[in-house]
Structure formats: C-alpha cells, structure tokens
Amino acid sequence: MYMGTLFRKILILLPICLYSFELLSEVHTVKMLNQGSTGVMVFEPAVLKINVGDTVTFEATDAAHNSASIPGMLPPNANAWNGQLSRDISVTFDIPGIYGYQCTPHAMMAMVGVIQVGDDYSNLQNVKNSAVQFKTTFVMNQTRLDDYLSELN
Ligand SMILES: [Cu+2]
C-alpha cells in the first residue's frame with residue numbers, strides 16, 4: 001500500500017524534475033549578417049555570455065556565412081565546430097571558458113565572435129595571445145576582435 005503510493009509519487013514527480021532540468025539550459029541565437037547595427041559582415045550579438053550547458057544557434061539570416069571555431073581560441077578539451085555556408089548550426093557548450101569563432105570566408109573582414117561559457121577566464125590570455133596573430137589577417141575592422149575581448153571582464 002505505502003510502496004504503491006510512493007511509486008506513484010515518483011512517477012508523477014519524475015517528469016517534472018526532468019522538465020525543470022531542461023529549463024535550466026537555454027538556446028541563444030546569433031545572427032550571421034551582411035549588415036548589422038555595428039557594421040558590415042558581423043555576428044549579432046558578437047559577444048555572448050552563456051551558462052554551461054547552453055546551446056547557441058548560429059542562424060544563417062543572410063546567405064554565404066558560416067560559424068567555425070578558431071584554432072587556439074578554445075578552452076582545453078573543448079570541441080571545435082565548423083558550420084556549412086548558408087546553413088544554421090547549433091552548438092552546445094558543456095566546457096566553460098572563452099571561445100573565439102569566425103565566418104570562414106569573411107574572417108579577413110573581421111567577421112568574428114566571442115562566447116564566454118560560465119564565469120571561467122582561465123583561457124582568456126591564451127585567446128588574446130592567439131588574437132594578436134589572427135588579427136594580422138584583417139583587412140578592415142582591425143580593432144573588432146580586441147574590442148569584443150575587452151568586453152569580457
Ligand atoms: Cu561571413
């Protein structure tokens with residue numbers, strides 16, 4: 001009798017617990033744009049702070065863009081990603097730290113973005129070091145990546 005009641009309570013509570021857990025992780029959208037509020041060839045928002053376990057959908061709002069992680073701008077053990085041109089891609093971030101990413105065909109136009117996952121700054125200096133080299137390839141918007149990184153503090 002008692003066990004039966006307890007079992008029924010668990011059956012009732014279990015989906016509620018699973019549902020609550022799901023609510024904790026969010027899905028964020030970053031648009032890939034020819035023209036944004038801060039200039040041409042931009043991710044919007046280009047600087048994003050999210051919680052561990054959140055997902056970011058890079059939305060192919062305008063065509064001919066992609067989202068790809070930049071080697072040297074990932075936390076240790078984090079997975080790289082490399083989206084296809086003109087396609088949405090969703091990335092779930094389970095490892096905290098700073099992530100730098102680019103639109104591959106427009107990297108030279110400083111079409112880059114930064115995501116901070118959790119409150120972890122441990123690889124920020126590594127990302128900044130990589131940025132010094134990376135931004136030498138920019139033919140415009142030379143300060144963009146530095147500006148984005150300076151927003152993380
Ligand atoms: Cu692009």
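Predicted model: local features only at pLDDT ≥ 70, side-chain atom pairs only at ≥ 80, totals over all residues.
Residues are numbered from 1 along each chain as its sequence is written, and side-chain values use heavy atoms, with hydrogens and water left out.

Quick terms: strands here are DSSP runs of E, at least two residues, numbered from the N terminus, and two of them pair if DSSP finds at least two bridges between them.

So, which strands does strand 4 pair with? With strand 6, residues 89-92, the pairing is antiparallel, over 4 bridges. With strand 1, residues 27-36, strand 4 (residues 55-59) pairs in the parallel sense, over 5 bridges. Look at Thr 57 again: it stands opposite Thr 29. His 28, meanwhile, stands opposite Val 56 in strand 4.

And why is strand 4 largely enclosed by the rest of the structure? Because 4 of its 5 residues are buried, where buried means under 20% relative accessible area with a 1.4 Å probe, protein chains only.

Now over to strand 2, residues 39-44, which runs antiparallel to strand 1, with 5 bridges joining them. Met 32 stands opposite Phe 43 there. Strands 1 and 2 form a hairpin, with 2 residues between them.

Notes. Buried < 20%, exposed > 50% of the residue type's maximum accessible area, 1.4 Å probe, protein only.
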